[in-house]
Every structure is written in structure tokens, then in C-alpha cells.
There are 2 protein chains.
Amino acid sequence: MRIILVGFGVVGQSLAKILLSRASDLYTLYGINPKIVACLDSKGCAISQAGLDLDRLLEAKLSKGTVAAYDECQSQLSLADVIDGIEAELLIEMTPTNLDSAEPGLANIISGMRSSKHIITVNKGPLALAFPSLVELANHNNIKFRFSGTVGGGTPILEFAKRCLNGERIISFRGILNGTTNYILSKMEDGLKFNEALNDAKAKGYAEASPSLDLDGYDAASKLAIMANWIMGLKVTIRDIKREGITGIDLSDIKNAAMNKNSVKLIASCDNKRLEVKPTIIKKVDPICVNGTLNAVTFCSEYSGDKTIIGRGAGGMETASSIVRDLIEIREAIAEDVL
Amino acid sequence: MRIILVGFGVVGQSLAKILLSRASDLYTLYGINPKIVACLDSKGCAISQAGLDLDRLLEAKLSKGTVAAYDECQSQLSLADVIDGIEAELLIEMTPTNLDSAEPGLANIISGMRSSKHIITVNKGPLALAFPSLVELANHNNIKFRFSGTVGGGTPILEFAKRCLNGERIISFRGILNGTTNYILSKMEDGLKFNEALNDAKAKGYAEASPSLDLDGYDAASKLAIMANWIMGLKVTIRDIKREGITGIDLSDIKNAAMNKNSVKLIASCDNKRLEVKPTIIKKVDPICVNGTLNAVTFCSEYSGDKTIIGRGAGGMETASSIVRDLIEIREAIAEDVL
């Protein structure tokens, strides 16, 4: 399978490492022989119809800061040029999330779909802002579109709901979808003030320098929008979600909750089409009451009650592993189509 | 799809209720039109090649204690007779679990497989004692064999591991697989002595009159054997599992653990081919540290860390919902074969 990688940051590099270490496995277990024919980052690109050497690609990025250093004659082709000049079946979109315009991810995905490439993305922006129309475009072009990594990182929250609970109606769900805020709230439960906990999260690399996406609930809301579309069939965007972040929480709120064996968590919920992200007091014995950077979601189903899934919500290797899952699923779906 | 039901206790009756309430759903969403052509319980059977009326079947069982009361001329046919005389594509085995001989479930499943029927079972006995040979027989006869309900009741533990984590190697797993013992240990954490907690579990219907299967760890070990085969590809039976129950636990063990923010849980684990069920001290913040009758399993994967699934481990409706999941999966697998 010939693949174009768009974006080569932490996730892209982790993916390259997994593909290197699992090459024989992917072939023998799933019949997948991935060949990276192009890789673009913000400074340029590397292309080879015969397939790029992933060790050299990682080395170029590490030593020179861009994949364009892969070749002597550095290439400045745009994605449109690459799509015109290179044959490929799959495009993997891994540019940074932008929740205002969804760009450049949205344009990349649309270009890929229009040129009949299957798409895997780990970029929440395009889906949070345009899920219904992207799914429509994918169906119209008869291509496979997968995005496991947009919710839960390496934890297969979307697949769990879609593939493991398909015997039943899911009535509602709620959970912790943002690891950064959960880390901060957990640290506050250990006694740190909000600003101390935030600085600790920054020091550990869990929070960005401008952490508003996390703190104000935009990240959780974007994941909630994706889940509402994919799992519940609602046609919504991030703008349909009522949203409140954690910046108004102080230590006394946390302490009061703790006295009653409760915790304050940033909970995203979907209940009777009501979509909301807000700080919520939950019982410490509630299965979604997890600490640190963990994510957790409880699905309430019609006949068999609540089911909870817990795991890491972010991380390069984790998110890259979700791309491999999507790759396997697309391979299997294509094989079925051919039959 | 024509179906033979073997066993019509709580799970079988719950299944009939779900099939009644979801008939149109199953047809429109999945193309499944289930027709129950025979139903056997320990006292007799009801048969109709045209399909049994499930309302009347439930009424017969409720009022007369056996499905044989469905017709005026009560039928005493054996499963072998039924299989010879009735055409069907699927057999659903729901007789009580027997961990000594696995009968009558084992013979029922083998009869069904030999007559080329797809099989769904919720009976742990045959799988705990003969998993490798049953899978071989299923493959030899080219039939679909599903058993979601044997582990986790309505909580899709087996599917989660098999379908959602397939991008990665699962290195190990551990969890709480028996709700009865977990309920007793939770009650002991609330201050009850072992016998008080056991009596409470009996009063609530969580424990049998002779609860050795649960208390001595046989039930958890049988589920562990099934998981080790299905998820890890080990060829083992319940006899390969080191097993210790909870009857040796007293209140002081629980209290000592609680003082260090720990709990005592009956943990089933599979690590480097080492298979074990035993009371284990775990941290209260560990995601698998759930209370009451809940089940919880953490899978440790190669690239994306630990993933935990939590839900109810038993119950008629819960287990019946797992049968519906299996039914949908078999329907989809057959459709693929036809293509």
C-alpha cells in the first residue's frame, strides 16, 4: 500500500518507528506492506515512488529539522504537486490541530479525498468543525476515512463504541476526554493550587505554553463532537457544544468534593442530544474517576448497563498505534470490497 | 436465520425478550430475521419449523415450568432428534456451566458443529475444558463459533481485546473476572465479616447456595482459560491455571490493605504464559479496583500502554445482549463468506 504522510512531528516519527519495527508482522498477519512514497512537513518534502527509507527519513528530520533534507536536492513541492506527481492509495494527515479554521488539515484531507485516496487523520480540527460534510465527501468519493487517534489517542474509544457495542443501543455517554486538565485537577487534589498544578503540567510537557485549548475545554469539546457524530449519529460541530473550562476551579472546590468522597472532573457528556463539557462533581468510586493524564468514558447501553473504557489519551507512540489500527481496518475493508 | 435454543433459563428467556423487542431493529440494521425453530429445556422441548411464537414460549415456561408446555402434545425429543428432524443454521447453547465434565454443554456443542450449525454459547464449561479442540472442530466443519457471553457477561471483554486492540501486541492482562467474589470483598471493605458478606451476597442472588465455583476461583479461572486461548493464542485449559480462592481472606487483611490505600481483590492474570487466579493487594487508584459485582480487565499493550474495560459481569439481560452481538457478528461473517 502506497502512503503519503502529511505532517512529521512526534506522531509521524512514532509511526515511522512502529512501521520499521513491525514490518514483517504487518505483512504476515494482515498482508500489509506499507510503502511511504512521500512525506511532507512544514518546511518541505521527501518523495520516492519506490518508497522512502524510513531510517534515513527519521535521521533527516532529527539532524536537519525537516524531511526535505532526505535528498541532496531538497524538494519544496506542495501537497497538490505531490498528489499530482505521485501514485498512492492512502494519505495520513498528522498536521497540528487548529480549532478555528481547521487548516491546513481540512484542505489536506479534502485534496486527498478528491484524488480518491483513503484517509487516516489524527487531527481533531477538521472533524470537530466539519464532520458531517467530510463523511459525505468520503462516501461520495467511495474512499475509506478513519480517525481513531482523534479521540483517546491510543485508547480505542471510537472503535469500542462502534465495534464492540453494536448489539445494543447506546443511550448516553460521559467521560474525561482531556488528559491535561485531568492531570491538573488530580494535582490539585494532591494539594497544589491551580497555577502550581498548571506549571507542573507545563514542566512535564502535558500542557502547552498557551494551554487555552485544554483549559477552556475546546479540546474535550472537539472530541465530544466527533463522538456524537460517529457513535450517536448526530450531525453536530464543536459550536453546538455547551462548554465550560477548569480555570474557575479553586482548591476549595476540590477539597469540599473530597470531603464527601467525590472528585471534580472536567466531564464531557452526551445525553438525549444534550452535549456539554463542564467541571462536574463525581463519586470517587465512579469508574470514570481516573487520575493523572488518563482518559475514561462510560457508555450507557440499553440492556447491559454501563461499560467503561480507560486508557492514555495522548502521546506520540499511543496515537501512532491508533494509525496502525486504522491501517489494518482499511486494509480489511478494501479486501472486502474487492470480493 | 433458523435457530435452535438449548437451555431456557434466565439467559434464554432474556434473549427471547430482546428478540421480541428488537425484531424490526435487527432486520433493518443488520438484515437478521431470527426464527426460533426449536427450544429445549431440561424437561422437554417445543418445535416448529415455521418458527415458535416467543410470547407463547415465555408464557409456557413461566406458567408450567417447561417449554414442553408450548404444545398440547408435549414433546420429549432429545437434541439429537431435534437436529435430525429440524432444519436450522444456528444453535445457541445456554445450559448451566459444569466445570467437571462440561456436560451437557460439550455434547450439545459438538452435536451442533457436526451437523454444520454455527454455534453461540454462553456456557463456560466446554470452553474452559476443551477450548483448543472445539475451535479445531469448528474450523474443520467450517462453522462460526462465538462465545462473548462466557467472559464479562454483557461487557465485551473478548471483543475488545480481539477487535479493538488488533493494531498491537497484547503483552499481558489482569483483572477481576468474578462479580460474586468482588461483591463479597467490597462488602468486607465496608466492614462485614466474610460470612456476613457471603450471606448478603446469597440474599441478593449474587451467590449460589453452594458457592464454591465462585469462592474457590473456579469461575474466574475458567474465564482466564478462555481469554488465554482466544486473546493470547495459548492452548490451555482450566487445569493449567494456578488457583487460590477468597475463603482464606479475613477482615484484618482487608483493613490492613485499606490503611495503605489498597484493596484486596481476586485477580486473574496472564503474564508471560503464567496463568494465575489469586487474592492480590492492588492500589485503590488502579483502574481495575472496582467495587460491587463489576468486572474489570486491564490489557497491557506494546506501544500504547494499559487499557482497561469495566462493566457488569453477569445478569440475564446482560448475557443475552452478548448473544445478540454474536448473532450480528455471525451474520456479517456469513455475508462475507458468500461474497
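Predicted model: local features only at pLDDT ≥ 70, side-chain atom pairs only at ≥ 80, totals over all residues.

Me: How many residues does chain A bring to its contact with chain B, and how many does chain B bring?
Reply: Look at the side of chain A first. The contact takes 34 residues from chain A and, from chain B, 34 residues.

Me: Which element gives the most to the side of chain A that touches chain B?
Reply: Elements that each supply at least two residues there are α6 (157-164), β12 (305-312) and α12 (316-338) of chain A. With 8 residues, the one that gives the most is β12(A).

Me: What kind of axis relates the two copies?
Reply: Chain A superposes on chain B by a rotation of 180°, with 0.0 Å of shift along the axis and an RMSD of 0.0 Å. The copies are therefore related as by a two-fold rotation axis.

Me: Which C-alpha of chain A is nearest the axis?
Reply: The rotation that superposes chain A on chain B is 180°. In chain A, the C-alpha nearest that axis lies 2.3 Å from it, and belongs to A:Ile309.

Me: Why do the copies meet through the same surface?
Reply: Compare the interface residues of the copies. Those of chain A are also interface residues in chain B, so the same surface is used by both copies. The share is 100%.

Me: Which strands stand at the edges of the open sheet?
Reply: The sheet has 12 strands, with mixed pairing, in the order β8(A)-β10(A)-β9(A)-β7(A)-β11(A)-β12(A)-β12(B)-β11(B)-β7(B)-β9(B)-β10(B)-β8(B). Each edge strand has a single partner strand, so one side of each is left without a neighbour in the sheet. The edge strands are β8 of chain A and β8 (242-243) of chain B.

Me: Which residue is the bridge partner of A:Lys242?
Reply: A:Lys242 belongs to β8 (residues 242-243) of chain A, which pairs with β10 (residues 274-283) of chain A in the parallel sense over 2 bridges. In β10(A), the partner is A:Glu276.

Me: Which residue in the turn of the β9(A) and β10(A) hairpin has a positive phi?
Reply: β9 (residues 262-271) of chain A pairs with β10(A) over 10 bridges, in the antiparallel sense. A:Asp271 stands opposite A:Arg274. The hairpin has 2 residues between its strands, and the turn residue with a positive phi, about 50°, is A:Asn272.

Me: At what angle does α7 of chain A run to β9(A)?
Reply: Helix α7 (residues 179-189) of chain A lies across β7, β9 and β11 (294-301) of chain A. β7 (residues 170-176) and β9 of chain A pair antiparallel over 4 bridges. The angle of α7 to β9(A) is about 155°.

Me: Which helix gives the most to the side of domain 1 of chain A that touches domain 2 of chain A?
Reply: Domain 1 spans 2-154 + 317-338 and domain 2 spans 157-312. Their contact takes 15 residues from domain 1 of chain A and 18 residues from domain 2 of chain A. On the side of domain 1, the helix that gives the most, with 7 residues, is α5 (residues 124-140).

Definitions and conventions: Residues numbered from 1 in each chain as written. Chains lettered and ligands numbered in written order. Contact = placed C-beta atoms within 7 Å. Domains from an automatic or database assignment. Least-squares fit on C-alpha atoms with pLDDT ≥ 70 in both. Pairing = 2+ DSSP bridges. Axes fitted to C-alpha atoms, helices over the stretch in contact; angles between N-to-C directions.
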